[in-house]
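Q: Hi! Could you walk me through this structure before I set anything up?
A: Happy to, here it is.

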Amino acid sequence: MNAPSTIHKASVQFSPGEARIRVQNLGKRYGTLEVFRDVTFDVGAREIVAVVGPSGCGKTTLLRCIDGLISVDNGEIWVDHTRVTGPTPGMAMVFQHFGLFPWKTVADNVAYGLRMAGTPKAEIAKRVPDFIKLVGLAGFEKAYPYQMSGGMQQRCGLARALAVEPNVLLMDEPFAAVDAQTREILQFELLRIWQQRPTAMIFVTHSIEEAVLLGHRVVVLKGRPSSIYETIAIDLPGQRTRETLREPRFAELRERVWSTLMSEARAAEFVLENQN
Amino acid sequence: MIKAWLGQRTPVVVSLLVGIALWEIAGRLSSPAFMVPFSVTIERLWTMTAEGGLAAQFLDSIELFAAGFAISLAVGLPLGLLLARVKALRIGIEPYIMVVYATPMVALIPFILSLMGFGFAPKVLVVFLFAVFPIIYNTVEGARSIKPELIEVAQSFRSTEWALWREVMLPYTLPYTMTGVRQAIGRALVGMVAAEFFLSATGLGRIIMTSSQNFDTAGVFASILLIGILGVALMRLGAMIEQHFARWRQ
């Protein structure tokens with residue numbers, strides 16, 4: 001932002017960094033129901049990949065596989081040079097249902113991941129306030145989840161994930177359960193935080209606009225079983241702000257993702273889902 | 001504030017006063033071999049305390065109650081969590097728990113007597129058997145209602161099994177366990193008196209028995225009143241603890 005104006009535009013262009021997450025030929029089935037097959041994509045060390053697809057296409061299942069919460073039937077997931085076989089250090093997930101522990105205060109919820117990672121107490125006490133501040137919850141350290149709005153609860157969920165300083169963030173429709181205005185605020189908050197501490201991020205959503213606004217690439221899952229139908233590069237220049245939403249290129253890309261999703265039989269159903 | 005408190009308490013106070021008055025009248029109208037009035041009961045309670053025997057017997061009963069109850073909690077809570085977490089164990093053991101829970105415990109006392117004799121331990125066992133099942137039952141029900149999402153969060157943050165119990169299952173389940181504790185307090189009191197009746201006679205149970213054998217109706221009433229007050233006090237305490245652990249539930 002304070003970069004000297006002499007810097008050529010190309011040099012501030014987005015660079016995803018080397019691949020941090022590699023998903024190779026991933027397949028998952030529940031009994032006879034095949035959820036997805038042959039899913040292959042990479043995520044750079046400083047890249048946000050948004051995953052969109054109709055409800056029931058296995059977006060969330062895919063994310064839970066990558067987090068190591070459930071096993072896969074085919075293929076491999078690699079994070080850096082480690083093959084994922086279970087929950088792996090360096091990854092953190094933000095959940096659609098927030099997943100806060102209702103008996104813990106904001107501060108204790110944020111400290112949770114650090115405690116599980118065996119971080120020394122003094123270190124936790126030092127770090128927790130920083131992350132509470134980072135997500136804009138300063139002053140609410142002692143509040144319980146039930147005393148907060150959905151948006152604030154998800155800020156807390158985000159702080160808990162960020163506090164372990166992951167180099168991979170997995171976002172499972174994190175803003176789907178909050179109201180429209182809060183959702184927009186949180187999207188830009190997330191972008192601001194990501195600018196401060198860029199990580200590899202997989203962002204699952206079924207909002208096309210959200211996917212285009214946040215993602216450097218949008219992966220479209222489709223079909224039954226689903227697989228990657230198309231990957232669309234989101235070549236919006238510079239930092240994304242509210243202005244971005246009004247850029248013609250943003251509208252083009254949104255239409256592009258939209259029509260990619262629409263070009264199949266389940267289109268009608270998807271239209272219905274996207275109205276809410 | 002005092003006014004508000006009085007306003008809230010008035011029905012209770014009035015109801016108690018009416019109850020005491022009815023007791024007094026009924027006691028005065030009936031034969032002292034059958035029932036004594038409230039005033040005589042209180043008087044007897046006072047003389048028994050003054051004579052010095054009551055305090056010792058009371059402490060004796062409390063000791064029995066506390067020992068049996070502590071073991072119930074120490075066994076019931078972890079066992080309940082274990083049964084909730086390990087499905088096969090739960091399915092295997094549940095029928096036994098249901099059978100023993102449904103069996104009137106008093107029926108087991110002769111068996112315990114022949115097995116363990118007249119010492120302190122068999123009496124503690126009786127209190128334990130009376131109290132442990134509501135604790136197990138409520139703990140299992142509570143722990144089973146944990147949202148799977150929260151367990152998934154714990155797994156995602158690479159919780160160990162022990163940390164999962166300590167950080168998630170225990171705090172979630174405690175309010176449910178405390179509901180069981182409240183029920184268990186009442187049952188443990190019954191167990192306490194039953195053990196004092198049917199095994200070696202000690203404590204308040206012994207006072208009731210000897211008073212009854214000596215046609216000392218006032219002594220019987222005084223002991224029963226004391227047990228009743230003890231029970232109410234303990235249950236209030238249980239409710240307060242329950243409230244404390246349930247703060248986070250709106």
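Q: Let's start with one residue: is G56(A) buried, exposed or partly exposed?
A: G56(A) is partly exposed, with 14 other C-beta atoms within 10 Å. A residue is buried at 20 or more other C-beta atoms within 10 Å of its own, exposed at 12 or fewer, and partly exposed in between, with C-beta atoms placed from the backbone. This is a predicted model: local features need pLDDT of at least 70, side-chain atom pairs count only at pLDDT 80 or more, and totals for chains, interfaces and linings use all residues. Residues are numbered from 1 along each chain as its sequence is written, while chains are lettered from A and ligands numbered from 1 in the order in which they are written.

Q: And where is G56(A) found?
A: In chain A, the loop between β3 (48-52) and α1 (59-66) holds G56(A). Helices (H or I, at least four residues) and strands (E, at least two) are DSSP runs, numbered from the N terminus. V35(A) is 21 residues from G56(A) in sequence and 8.5 Å from it in space, C-alpha to C-alpha.

Q: What is the mean pLDDT of chain A?
A: The mean is 87, and 90% of the residues of chain A reach 70 or more; pLDDT is the predictor's confidence in each residue, from 0 to 100. Over residues 1-12 of chain A, pLDDT stays under 50.

Q: How many helices and strands are there in chain A?
A: Chain A has eight helices and ten strands. Its C-alpha trace spans about 55 × 55 × 40 Å along the principal axes. Of the 276 residues in chain A, 41% count as buried.

Q: Switching to the core, how many residues has the largest nonpolar core?
A: That core has 130 residues, and I66(A), A159(A) and V127(B) are among those with the most contacts inside it. A nonpolar core is a set of buried Ala, Val, Leu, Ile, Met, Phe, Trp, Tyr and Cys residues joined through C-beta atoms within 7 Å. Helix α6 (residues 120-144) of chain B gives the most to this core, with 15 residues.

Q: What is A159(A) in contact with, leaving aside neighbours within four places in sequence?
A: The partners of A159(A) are V110(A), F131(A), I132(A), L134(A), V135(A) and L137(A). Two residues are in contact if their C-beta atoms, placed from the backbone, lie within 7 Å.

Q: Last one: how many residues does the contact take from chain B and from chain A?
A: Chain B gives 15 residues and chain A gives 16. On the side of chain B that touches chain A, α7(B) supplies the largest share, six residues.
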